[in-house]
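Dear colleague,

Please find the structure below, handed over for your records. My notes on it follow directly after.

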Amino acid sequence: MEAAAAQATASGWRANLATIAAMTARAKNELLRVPGAAIPGVLAPTIFFLGLNGVFGALIDLRGFDTSSYESFIVPVSMLQGAGFTGAAAGVNLARDYEQGWVDRLLVSPAPRWVLLAGNVLAASARSLVPATFVLAIGFAIGVQWPGLDGLLVCYLMVAAMAAVAACWGSMLALHYKSQSAAPLMQAGMMALVLLTPAYAPLELLQPWLEAVARINPVTHVVEAARQGFVGDVTWAGTWPGIVALVGLLVVLGSLALREMRRTNV
Amino acid sequence: MSGLGTNARVVRALGARSIRQTFRRPQLISPIIVFPTLLLAIQTGGAGAGINLPGFPPVQSFLQFMLAGSMMQSMMLAGNSGGIAFAVDIEMGFTDRLFASPIPRFAIVLGRLAGTAALGLFASVWFLAIGLIFGAHIEGGIPGALLATFLITASSLAVGGIGAAIALRSGSASVVQGLFPLVLVVLFLSSAFFPQELMIEPAKTIAEYNPFSFIVEGVREPIVSGIDAKQTLEAVAAIVGIILLGLALSASALRHRLRVG
Amino acid sequence: MPAIEVVGLERAFGDVRAVQGIDLEVEEGEIYGFLGPNGAGKTTTVRMLTTLLLPTGGRAGVAGHDVVAEARQVRASIGVALQEAALDPLMTGRELIRLQATLQGLPPAAGRKRADELLERVDLAGAADRRVGGYSGGMKRRLDLAAALVHEPRVLFLDEPTTGLDPVSRKTIWEEVRELNDDGTTVFLTTQYLEEADQLADNVGIIDRGRIVAEGTPETLKSEVGTPHVELLVGEGALLEAERVCAELGRLLPSKDGERVLLEVAQGAADIPRVVRALDEAGIAVESLELVRPTLDDVFVAKTGHRLEGEEEAVPV
């Protein structure tokens, strides 16, 4: 009946990894055990992709585009939008879990707070690959250029990391407001972050105010890194700014989310 | 119980409840107003260079062009939201209370739609104001603004009717909520966000025959050039068509609900 | 060292002082019943002791660790079954216990074994692989209890463990709590049910509006507010004679309605035969006899002026 042994194990890295894995595994239940739950997350970015292509496709005739295929130009944006949506949804789920008392179960255990957060975030990252792949498949069907293996890998890396960023943002809001009513803020925040970039057109063709915003928005680098293979060649120079931007966002939003996780008892 | 006066009072009472419900929950309004505003900013900023494409209709700015589309988007989200609220009423059993009383059925639905219409009105005023603040001209002046507002408010009644019909048929808020992507699909397959002539197939052809394109054009014309009788009549015809469809679906759904319980 | 030690514990939410400086001590191996009406501050107190809420004043120690400075050590030593039965409806019972084991740091094999043991113990082995969403209220509580025991905690916190359960399920939970306590687990139990505190607790603390108004064993508390008495309804015209006979047997209490005789019976039910015999020998017919014992509700009324269960009306103290 000694808690000391459990305590010693609880502080071990093995226990932390096991906890992260267990929480990530639980997150898949939402997709696999609730009929139709996966559909909105997959449908929304697909609709946007096809819709934007149908509506704004003629923009490709403007001078300034590096490619002649608008669908190739915007497919990475839709994939990143899907990542943002998935991550924000992880925040909404956390808020719901909080309202129903599930989060208390996690908070009362000796697992470190960062471990609890990491499970939620990694699950979102993994889940984001589903809508991204769906959008890409549809894209290939309507004529998106093959980005090469390197382009594909870079794009998926950006998508997975973007979902983690969105999950940190959503988790931060969920733990701060402790209510699902913060859901619109979670979604809108990520939508703004991904779309206030050269999402629909290259930087030079954006209206001046949006160009200015896009130049300071770190996600611009993420969009451009993800887009590389689809519109041209993949280079390290085109990739590292995206990685730096994502690492920076993860550090900032992750710290804020962790802070909220630690302050749930205030 | 009989008489136009009684019915009117009932509609007013239910309508007031519907409007109060709608505006008392800011977290429900914000997606209807905030998302379309955000999209307006992004799409104007991102695709604004499109007005330089050959064949783009003469407009003062892309913002001026887009206002009608944003109003449409808000209006349709409001219709979806009204349908959800109605479905919640059904799930909660509130509509049973109404059905068991001697209120005419149409008054129940009409009262519900009042909230949606109020939101539609609010949305059109909001976007006209946004447009003016950010430098867009309303070429049709005050009459043009009033016409645009009237068309959007009427459309919200029409779309709300469809939402109510779905709510009555399914009795489930999550079913109505699941139709939200459909709103986006309908809008993308219309001339809400870009001139129909410059869209890519097959969206281009679908948009040509999409009744919502007629409505959007009817709302857009007074803003970008001035009131045009033909365009206005086409918009009104489309709205009437949707209202009739909504009425037919609602009536059938009501019969189904009262039969099934 | 006490299992739980609380000194001047306070919690304010803005202007609302939910817990206003409480002191209590729970010895190792004790069952402590924390009794009070809704809104008294029970759940707030439990949440502070289980590190889910920071106190705004005072201090508390659980299993030898301060709840603020050594929160993690506290969490490793306690098991908690909260009011909301924090369960995931999409998980099976077995998955939930295993997850809890992982959260507590048990290695996978040990966690699996422990899950099987506990599911058997709370009689959920048959339903272990069904989703929690389909469990009845009683099953959910049993599962919650099992999850709280996965790491053999030194101190177990149960927040209203039987609220909303039918009498049979309630008894099952009580038996389980007694068994745990027999094994040496300290139990801190909050409840709004008198019978629960009476039946289970070694010591009871009564809380009202954020303050502890009484503390002691159930028997001690009840004896403070009175001894048992019998209420006798006798035949017409026999009241005075009955009072004379009873006065020789013990202390008479003031009659509530002028029709009944109230006689203190220090031995409780054991005194009834001699009362009945005495009245019978005096030729007095007894129409009805009722043994009335003081309850914890009487203790509550004595200390606070209102009832714990049922009506809110003030009773003159």
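Contact is taken here to mean heavy atoms within 4.5 Å. The model is a predicted one.

On that definition, A:Asn217 touches A:Leu193, A:Leu196 and A:Thr197, leaving aside residues up to four places away in sequence. A:Asn217 is found in the loop between α9 and α10 (219–231) of chain A. Two backbone oxygens face its side chain: that of A:Leu193 lies 2.9 Å from a polar atom of the A:Asn217 side chain, and that of A:Leu196 lies 3.0 Å from a polar atom of the A:Asn217 side chain. A:Asn217 counts as buried because its relative accessible area is 7%, and the limit for that class is under 20%.

Turning to the interface of chains A and B, 29 residues of chain A are in contact with 29 residues of chain B. The two chains bury about 2,400 Å² between them, and 84% of this area is on carbon and sulfur atoms. Between chain A and chain B there are zero salt bridges, and two residue pairs are in polar contact, both at pLDDT 80 or more. On the side of chain A that touches chain B, α3 (38–56), α8 (183–195) and α9 (208–216) of chain A each supply at least two residues. The most comes from α3(A), with nine residues. Sorted by class, this side of chain A has 21 nonpolar, seven polar and one charged residues.

Aromatic residues were examined next. The whole structure holds 18 aromatic pairs over all chains. In one of them, B:Phe188 and B:Phe193 are arranged edge-to-face, at 5.7 Å centre to centre and with 65° between the planes. Both partners are buried: B:Phe188 has a relative accessible area of 4%, and B:Phe193 has a relative accessibility of 3%. In chain C, C:Tyr32 and C:Phe188 form a stacked pair, 5.5 Å centre to centre with 15° between the planes. This pair links distant parts of the chain, with C:Tyr32 in strand β3 (residues 31–35) and C:Phe188 in strand β8 (residues 186–191) of chain C, 156 residues apart. C:Tyr32 is buried at a relative accessible area of 1%, and C:Phe188 is buried at 0% relative accessibility.

Finally, one aromatic cluster is formed by A:Phe56, A:Tyr200, B:Phe56, B:Phe62, B:Phe65 and B:Phe194.

With kind regards

How values were computed. Residues numbered from 1 in each chain as written. Chains lettered and ligands numbered in written order. Predicted model: local features only at pLDDT ≥ 70, side-chain atom pairs only at ≥ 80, totals over all residues. Heavy atoms only, no water. Buried area = accessible area lost by both parts, 1.4 Å probe. Salt bridge = Lys/Arg side-chain N within 4 Å of Asp/Glu carboxyl O. Polar contact = N/O pair within 3.5 Å; in protein donor to acceptor, adjacent residues only side chain to side chain. Helix = DSSP H or I, 4+ residues; strand = E, 2+ residues; numbered from the N terminus. Nonpolar A, V, L, I, M, F, W, Y, C, P; charged D, E, K, R; others polar. Buried < 20%, exposed > 50% of the residue type's maximum accessible area, 1.4 Å probe, protein only. Phe/Tyr/Trp six-rings, centres within 6.5 Å; stacked < 30°, edge-to-face > 60°.
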